[in-house]
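I opened this structure to look up a few things and keep notes on them. The entries follow the order in which I looked.

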Amino acid sequence: MLNHTRQQGFNVIELMVTLFVGAIVLSVGVPAFSNFAANNRLATASNDIATTLHLARTEAVKRRAAVSVCPSNNWDSNNPSCGGNDFTNGWIVFVDALAPALPDLAHNGAADVLLAHGPLNDKVTLGVADAANPIGNGGFVSFGTNGFPIANIGGNRGVFNFQLCDDRGDKDVGGGIAAGRWIQIAPTGRPQVYRQQTQVQSGANPTNGC
């Protein structure tokens, strides 16, 4: 005698419920993942800049030399140099001048280059300012032998503030945390990363926030 087994499957109502639940999961999950990825991009970019500034300041004190950070379009070459007006395209950290010589935003060869960093993620935008006003996307950062930042070299204004944003603009991503990041170099040379929306968007931020 043959045994017949019935194949179980979805009926129309069960299929519709499954699709409905799936649509809800996607509507919640995709935006959450997108926000998570954007937060990671901003965090990575701000950490890279803060780490760069810490390195430059530490090396200036250790070497008794002015150490500078500048945008570089050829950061990946064997002998990279300052060039371009936008840190988002890459930058270099280099020994600018041994004391008592004054920095001139140039180095004497590849051996003086301490770090070469590639471009930021293309979804991240960057604005810079001196101690009080935006200066576009150019400028430089230079630390003296005491680790203090230098405000002006040959008529070029030093960068004291970095503002990182993305297409979310001025948005609270939860708990008062801003989508953007503000990095400020204190008069002593120590970089500080601000994450709170009230800080990033405050009048104390010369870059004017996101």
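**Entry 1: a pair of strands and its sheet**

I started with strand β2 (residues 91-98), which is joined to β3 by four bridges, the two running antiparallel. I noted that this is a predicted model. Across this pairing, I found Ile92 opposite Ala116 in β3. A reminder to myself: strands of a sheet pair through backbone hydrogen bonds, either parallel or antiparallel.

Next I looked up the sheet of four strands, which is open and has the order β3-β2-β1-β5, with antiparallel pairing. Which strands are at the edges? I found β3 (113-117) and β5 (141-143) there, each pairing on one side only. Neighbouring strands of this sheet are turned against each other by 20° on average, direction ignored.

**Entry 2: the whole protein**

I listed two helices and eleven strands for the protein. Read from the N terminus, the elements run α-β-β-β-β-β-β-β-β-β-β-β-α. The protein has 210 residues, and 39% of them count as buried. Among contacts with a separation of 6 or more, 57% come from residues 24 or more positions apart.

**Entry 3: aromatic pairs**

I looked for aromatic pairs and the count came to two. For Phe87 and Phe162, the ring centres are 5.6 Å apart and the planes stand at 75°, so I wrote this pair down as edge-to-face. Phe87 lies in the loop between β1 (65-71) and β2, and Phe162 in strand β8 (residues 161-165), so the pair ties together parts 75 residues apart in sequence. Are these two residues buried or exposed? Phe87 is buried, because its relative accessibility is 3% and the cut-off for buried is under 20%. Phe162 is buried too, at 2%.

The rings of Trp182 and Tyr194 have centres 4.5 Å apart and planes at 25°, so this pair is stacked. Trp182 is in strand β10 (residues 177-185) and Tyr194 in strand β11 (residues 191-196), twelve residues apart. I also noted that Trp182 counts as buried, at 3% relative accessibility.

I found Ile153 in strand β6 (residues 152-153). Its relative accessible area is 8%, so Ile153 is buried. What does Ile153 touch, not counting residues up to four places away in sequence? I listed Pro103, Asp104, Leu105, Phe140 and Ser142. From Ile153 to Phe140, I noted 13 residues in sequence and 9.1 Å in space, C-alpha to C-alpha.

Terms used
Residues numbered from 1 in each chain as written. Predicted model: local features only at pLDDT ≥ 70, side-chain atom pairs only at ≥ 80, totals over all residues. Heavy atoms only, no water. Buried < 20%, exposed > 50% of the residue type's maximum accessible area, 1.4 Å probe, protein only. Contact = heavy atoms within 4.5 Å. Pairing = 2+ DSSP bridges. Axes fitted to C-alpha atoms, helices over the stretch in contact; angles between N-to-C directions. Phe/Tyr/Trp six-rings, centres within 6.5 Å; stacked < 30°, edge-to-face > 60°.
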